[in-house]
Amino acid sequence: MNDWLTHAENWVFILIALPMLIGAWRSVTSRNVVHSVLFLVIALAASAALFLLLGAEFVAWSVVLVYIGAVIVLFLFGIMITRAPLGMETELSHSNQTKIGAALVSGALFALITVTTITGFGDTEIVAKPTRTSEIGQSMFERFVIPFEVISVVLLAALIGGIVLARRDPVEGDEALQ
Amino acid sequence: MILGQFIILGAALFSLGVYGVLTRRNAVLVLLSVELMLAAVNVNFVAFDIYARDVMAGGQIFSLFIIAVGAAEVGIGLAIVLLIFRNRQSANVDELDLMKL
């Protein structure tokens, strides 16, 4: 452990991981909907910083652009459109009884994942190496070109599905909706 | 850096996401917790990719796919929540008991 703390990159990791966990914790417990979304921004920005620490630059900036840029705006729109209470509100979460059960389940899950993976990979050293974007592009358009095309179709289907689901069907004789 | 620190962080993030999915009543916030779980998976993917020193960067490419699928999921999910809200004037998941016997 002492040896672990002598490396500067591990201190950077702690500096990133603490805001990440606090942001994630507050985003699932906050009583204010908008605060909850903004705490998610902290957690996602910290995950982007973690990817930069590991040298995965393209993934990091994709997270910033797609998640922090687009998905968060979608969430804010969803909250505003569904008129969720914007102020302090206790009805946002289930009762305390459910919370105890959920805490037990997620604690058991955390213990299970940690124990199984730590016994397998525990103290394996990893050395961060920058991955160049050209390597990612090369690999994506050679080895992974079929999954890439499938993802394109998924995005197109989601686009069409979102429009079909969310648009209001015009009702006969209702002028206001047409 | 050791692999364990990323595994523990990812597991903690995933468990927090599960906690959020189980406790939140508002459907938008349930989707938000799912997003947290996807972020945890991304952390694990990238850490294992760096550990395996994959020449084709498979872990990073699959985390990019997860980002794309997450964006599609949020779009569809929010459209469904919007539809439910329009029909039932509420976005609370425990009031959606139409299929309950």
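Predicted model: local features only at pLDDT ≥ 70, side-chain atom pairs only at ≥ 80, totals over all residues.

Start by selecting A52(B), which sits in helix α2 (residues 27-52) of chain B; helices here are DSSP runs of H or I with at least four residues, numbered from the N terminus. A52(B) is exposed, as 12 other C-beta atoms lie within 10 Å (exposed means 12 or fewer such atoms, buried 20 or more, partly exposed in between, with C-beta atoms placed from the backbone).

Residues are numbered from 1 along each chain as its sequence is written, with chains lettered from A and ligands numbered from 1 in the order in which they are written.

Next, colour by chain. The contact draws on 77 residues of chain A and 59 residues of chain B, contact meaning C-beta atoms, placed from the backbone, within 7 Å. Which helix of chain A gives the most to this side? Select α5(A), with 14 residues.

Finally, show helix α2 (residues 8-29) of chain A with helix α1 (residues 3-23) of chain B: their axes come within 9 Å and cross at roughly 10°. That makes the pair roughly parallel (angles under 35 degrees; axes are lines fitted to C-alpha atoms over the stretch in contact, with angles running from 0 to 180 degrees between N-to-C directions). Among the residues making the contact are F13(A), W25(A), L9(B) and Y19(B).

Terms used. Helix = DSSP H or I, 4+ residues; strand = E, 2+ residues; numbered from the N terminus. Parallel < 35°, antiparallel > 145°, perpendicular 65-115°, else oblique. Contact = placed C-beta atoms within 7 Å.
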